[in-house]
Amino acid sequence: MFASLLEAAKNSPLRTPFTKVQCDTPAKGSGPVVGRQIQAAATPDNGDSCEFGSMKYFALCSIGGVLSCGTTHTFVVPLDLVKCRLQVDQAKYKNLFHGFKVTVAEEGMRGLAKGWAPTLYGYSAQGLCKFGFYEVFKVYYANLLGEENAYLYRTWLYLAASASAEFFADIALAPFEAAKVKIQTSPGFASTMRAAMPRIMKEEGIAGFYKGLVPLWMRQIPYTMMKFACFEKTVELLYKHVVPKPRSECSKGEQLVVTFAAGYIAGVFCAIVSHPADVVVSKLNQAKGSTALQVAKSLGFMGMWNGLTPRIIMIGTLTALQWFIYDGVKVALALPRPPPPEMPASLKAKLEAKSQ
């Protein structure tokens, strides 16, 4: 499966997500070999450091994912810690500000940094898979659909590519997420990742690291689908209706401002869609021997919305910063950054023919 994905990506003829490479002026006496796919040149001539859809492109996108997810999640560890404690002990931590006050009073300012190590390692691994595989799956599915269908059903393409990427990203994240939640919500269990992970292994075995994987999928896959699809569509709409000039005429700084705005809008929707599953994950990793269904029943409908406000603040900020950093890495590494998709010429011709 992976071999075919990477081969399709490596041989991708795409200049933008949904337009194919074409030979404009073939040399006299020569032409494409029948049955052979035309490929982009090995060396880009437009200032990019690599070809869109190449192995180097995907590798550098993965590095962008590591930096965007690992750094941002680690930055908001204090807010994440209070959010998790609100979810598992509403009686003690009554609201966001009270949660900060109680935590600092009991553990000092250092207590707010609990869980930073599994957060850094876990979300760096998740970011590598999430952004790297998203780019691979987006190209692969676009090739399967064909140029016209990839444009017409581009939102479904974003949803499918992001869901596929997040499936693998959560497998990488799950062990670190289990350790983080234990450190943050189980007093006396462990205060560091080095102490938490061996203890989980000793008491619960390898299953202890993955008992939250299914609810993690339930939380992260809808979140990521919304994150990528909403971001892609918001960028497209901003350039179409808000930004007064085409993206090609915008400076790098102006483009990054649009990226940040679209990322924050996407983040708010992400937080709402994925919050109930996030509460279940937090409670499940705290309560030994419980299942996701048992936790959901004990919490009730309203209980699964505990901590929504801090999570909207956290996820909105996180998502905006992640897209800003990811796009910033693409700029810094001179990666191809295709413009929002445009209707293929062949589809325009078909629509014009129908209207006549």
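Predicted model: local features only at pLDDT ≥ 70, side-chain atom pairs only at ≥ 80, totals over all residues.

Colleague: Let's start with charges. How many salt bridges does the structure hold?

Modeller: It holds 17 salt bridges. One of them is between the side chains of R154 and E236, at 2.7 Å from N to O.

Colleague: Which helices do R154 and E236 lie in?

Modeller: R154 is in helix 7 and E236 is in helix 10, which covers residues 213–242, so the bridge ties together parts that are 82 residues apart in sequence.

Colleague: And are R154 and E236 buried or exposed?

Modeller: Both R154 and E236 are buried.

Colleague: Nice. What does E204 form a salt bridge with?

Modeller: With K182, and the closest N and O atoms are 3.8 Å apart. E204 lies in helix 8 (residues 193–204) and K182 in helix 7, so this pair ties together parts 22 residues apart in sequence.

Colleague: Why does K182 count as buried?

Modeller: Because its relative accessibility is 4%, and the cut-off for buried is under 20%. E204 comes out at 24%, so it counts as partly exposed.

Colleague: Which ring does the charged end of K182 sit over?

Modeller: The ring of F189, at 5.1 Å from its centre.

Colleague: OK, what about D327? Which residue does it form a salt bridge with?

Modeller: R337, with the closest N and O atoms 2.7 Å apart. D327 is in helix 13, while R337 is in the loop between helix 13 and helix 14, 10 residues apart. Both residues are buried.

Colleague: Which residues do salt bridges with shared partners join into one network?

Modeller: That would be D80, K83, E177, K180 and R219.

Colleague: Tell me about K180, then. Where is it?

Modeller: K180 is in helix 7, which runs over residues 154–185. With a relative accessible area of 1%, K180 is buried.

Colleague: What does K180 touch, leaving out residues up to four places away in sequence?

Modeller: It touches D80, C84, G115, P118 and T119. C84 counts as buried too, at 1% relative accessibility.

Colleague: Since you mention a cysteine, how many disulfides does the structure hold?

Modeller: The count is 0. C250 is another buried residue, with a relative accessible area of 8%.

Colleague: Switching to rings. How many aromatic pairs are there in the structure?

Modeller: There are 18 aromatic pairs. In one of them, the rings of Y57 and F58 have centres 5.6 Å apart and planes at 70°, so that pair is edge-to-face.

Colleague: Why is it called edge-to-face?

Modeller: Because the planes are at 70°, and edge-to-face applies when they are over 60 degrees apart. As for burial, Y57 is buried with a relative accessible area of 0%, and F58 counts as buried at 5%.

Colleague: What about F131 and Y326? How far apart are they, centre to centre?

Modeller: They are 4.3 Å apart, with 35° between the planes, and the pair is tilted. It links distant parts of the chain: F131 is in helix 5 (residues 116–145) and Y326 is in helix 13, 195 residues apart. F131 and Y326 are both buried.

Colleague: Which residues form one aromatic cluster?

Modeller: F133, F137, Y140, Y141, F167, F168 and W217.

Colleague: Last topic, the loop between helix 13 and helix 14. What is going on at A334?

Modeller: A334 lies in that loop, and its phi is near 55°, a positive value in a residue other than glycine. At 27% relative accessibility, A334 counts as partly exposed.

Colleague: And where is P340?

Modeller: P340 is also placed in the loop between helix 13 (308–332) and helix 14 (345–355). Its C-alpha atom is 5.6 Å from that of E236, although the two are 104 residues apart along the chain.

Colleague: Which residues is P340 in contact with, leaving aside neighbours within four places in sequence?

Modeller: V235, E236, Y239 and R247.

Note on methods. Residues numbered from 1 in each chain as written. Heavy atoms only, no water. Helix = DSSP H or I, 4+ residues; strand = E, 2+ residues; numbered from the N terminus. Buried < 20%, exposed > 50% of the residue type's maximum accessible area, 1.4 Å probe, protein only. Contact = heavy atoms within 4.5 Å. Phe/Tyr/Trp six-rings, centres within 6.5 Å; stacked < 30°, edge-to-face > 60°. Lys NZ or Arg CZ within 6 Å of the ring centre and 35° of its normal. Disulfide = S-S within 2.5 Å. Salt bridge = Lys/Arg side-chain N within 4 Å of Asp/Glu carboxyl O.
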